[in-house]
Amino acid sequence: MSEYRVGIVGCGGISRWAHAPFYQKDKRAKIVAVCDILPDRVKQFRDEFYPEADTYTDFREMVKRKDIDVIDVCTPNYLHSEVAIAAFANGKHVFSEKPDAVSPEKAIAMKEAADKAGKVLMVMRNNRFMDVSQYIKQYIDDGRMGEIYAGRCGWQRRRGIPGKGGWFTTKAQSGGGPLIDLGVHMIDLAIWLMGNPTPVAVTGATYCKFADNTDSSDSEHSKFGDAKSDGTFDVEDLSMGMIRFDNGAVLQIEFSWASNIEAEHRFVELRGTKSGMTWMDGALKIFSEDHGVLTNTELAGSLNAEGHVRNLCHFFDVLDGKAEPCFKPQQGIDMIKILCAIYESAKTGREVVL
Ligand SMILES: NC(=O)c1ccc[n+]([C@@H]2O[C@H](COP(=O)([O-])OP(=O)(O)OC[C@H]3O[C@@H](n4cnc5c(N)ncnc54)[C@H](O)[C@@H]3O)[C@@H](O)[C@H]2O)c1
């Protein structure tokens with residue numbers, strides 16, 4: 001087992017609540033440097049979590065350090081590709097938060113930089129690592145769902161706009177609203193469970209109806225990012241659409257940060273020829289027919305939500321040569337192509353062929 005010297009870029013919400021718990025537990029990784037554009041934030045973060053680390057406000061300086069093996073990217077979305085490419089140019093492995101990038105071109109550039117450097121690029125896919133997801137993946141791979149020909153997925157929030165007015169709601173920095181923010185989670189989970197069919201066409205619609213008229217929140221996730229009362233809101237708050245795949249399967253999608261619905265839910269529902277399933281807020285039900293009767297199976301026991309910690313653990317297992325990467329950078333490129341094509345379809349009102 002090797003020890004990896006790690007530099008973290010971005011000391012906001014996700015670094016604190018999802019990455020720090022991993023680094024505090026797994027002794028393979030030693031945080032030697034932390035970086036944030038805000039000088040007070042980076043110092044406070046260092047003092048609180050990694051007192052031995054050096055602090056930086058410029059990631060380009062930090063990635064030049066020869067004694068760093070891994071860069072962990074926890075910045076706003078538009079910087080993922082910029083930081084990753086600078087890290088690869090300096091011979092580092094990269095773990096990045098989702099979404100992979102804000103355009104297919106940038107996602108491709110990240111993969112090319114990783115290939116050129118001969119280093120590992122992995123992007124957070126925490127939902128794949130939950131117990132329920134691992135269980136249903138095995139169930140599907142064992143052929144017990146038959147041919148999966150249709151599905152739905154979504155993450156609907158009634159009131160849960162993250163960092164309103166800040167980078168989350170500023171298209172140039174986020175790449176979009178709930179479609180890119182939440183879509184990347186649930187669309188990835190659905191496509192991974194479906195066996196990674198190739199997307200061939202999409203159609204979508206987006207709406208922005210809550211930019212000016214709500215400060216209420218019923219979602220813990222609205223605390224993400226730094227809200228700005230006089231900031232920008234030029235992204236959607238609701239996105240709907242459909243993705244077609246090369247094997248004839250379709251996936252309906254729905255993502256909202258704010259919408260007049262009953263409550264927040266995230267879900268994947270898949271229909272197979274032998275059985276179907278719903279993954280709803282981390283709980284799993286399977287619907288089949290057995291000996292002439294309809295059966296519903298519900299998973300008992302712990303539905304742990306430690307996906308982030310496990311995904312980071314998997315990344316270091318890959319570096320250690322103990323695991324094959326579950327995530328391939330091409331899947332990230334395909335994901336960003338889908339999301340950007342849905343935005344294009346929403347603009348033109350037409351299906352976009354990929
Ligand atoms: N996997 C998940 O479940 C999940 C959940 C929330 C957020 N995220 C992702 O994590 C990333 C960060 O989100 P967050 O909620 O922590 O946001 P945040 O705004 O709380 O944190 C981002 C941090 O990056 C810093 N930053 C901005 N520009 C920088 C630069 N040039 N150099 C260094 N630091 C810079 C900001 O000052 C801030 O501290 C986003 O890409 C988001 O999509 C993932």
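The points below cover ring pairs, an aromatic cluster and charges over rings. The model is predicted.

**Pair Tyr-4 and Phe-316**
- The ring centres of Tyr-4 and Phe-316 are 5.6 Å apart and their planes meet at 50°, so the pair is classed as tilted.
- Tyr-4 belongs to strand β1 (residues 4–9), while Phe-316 belongs to helix α10 (residues 307–319), so this pair ties together parts that are 312 residues apart in sequence.
- Tyr-4 has a relative accessibility of 8% and counts as buried, because buried means under 20% relative accessible area.
- Phe-316 is buried too, with a relative accessible area of 0%.

**Pair Phe-49 and Tyr-50**
- Phe-49 and Tyr-50 also form a tilted pair, with 6.0 Å from centre to centre and 40° between the planes.
- Phe-49 is buried at a relative accessible area of 18%.
- Tyr-50 counts as buried as well, with 7% relative accessibility.

**Aromatic cluster**
- Tyr-4, Phe-49, Tyr-50 and Phe-316 are among the members of one aromatic cluster.
- This cluster also includes Phe-22, Tyr-23, Phe-45, Phe-95 and Phe-315.

**Charges over rings**
- Lys-137 places its charged end over the ring of Trp-192, at 5.2 Å from the ring centre.
- Arg-266 has its charged end over the ring of Trp-155, at 4.8 Å from the ring centre.

Terms used:
Residues are numbered from 1 along each chain as its sequence is written. This is a predicted model: local features need pLDDT of at least 70, side-chain atom pairs count only at pLDDT 80 or more; totals for chains, interfaces and linings use all residues. Side-chain values use heavy atoms; hydrogens and water are left out. Rings of Phe, Tyr and Trp (its six-membered ring) pair if their centres lie within 6.5 Å; planes under 30 degrees apart count as stacked, over 60 as edge-to-face and the rest as tilted. Helices (H or I, at least four residues) and strands (E, at least two) are DSSP runs, numbered from the N terminus. Buried means under 20% relative accessible area, exposed over 50%, partly exposed in between (1.4 Å probe, protein chains only). A charge sits over a ring if NZ of Lys or CZ of Arg is within 6 Å of the ring centre and within 35 degrees of the ring normal.
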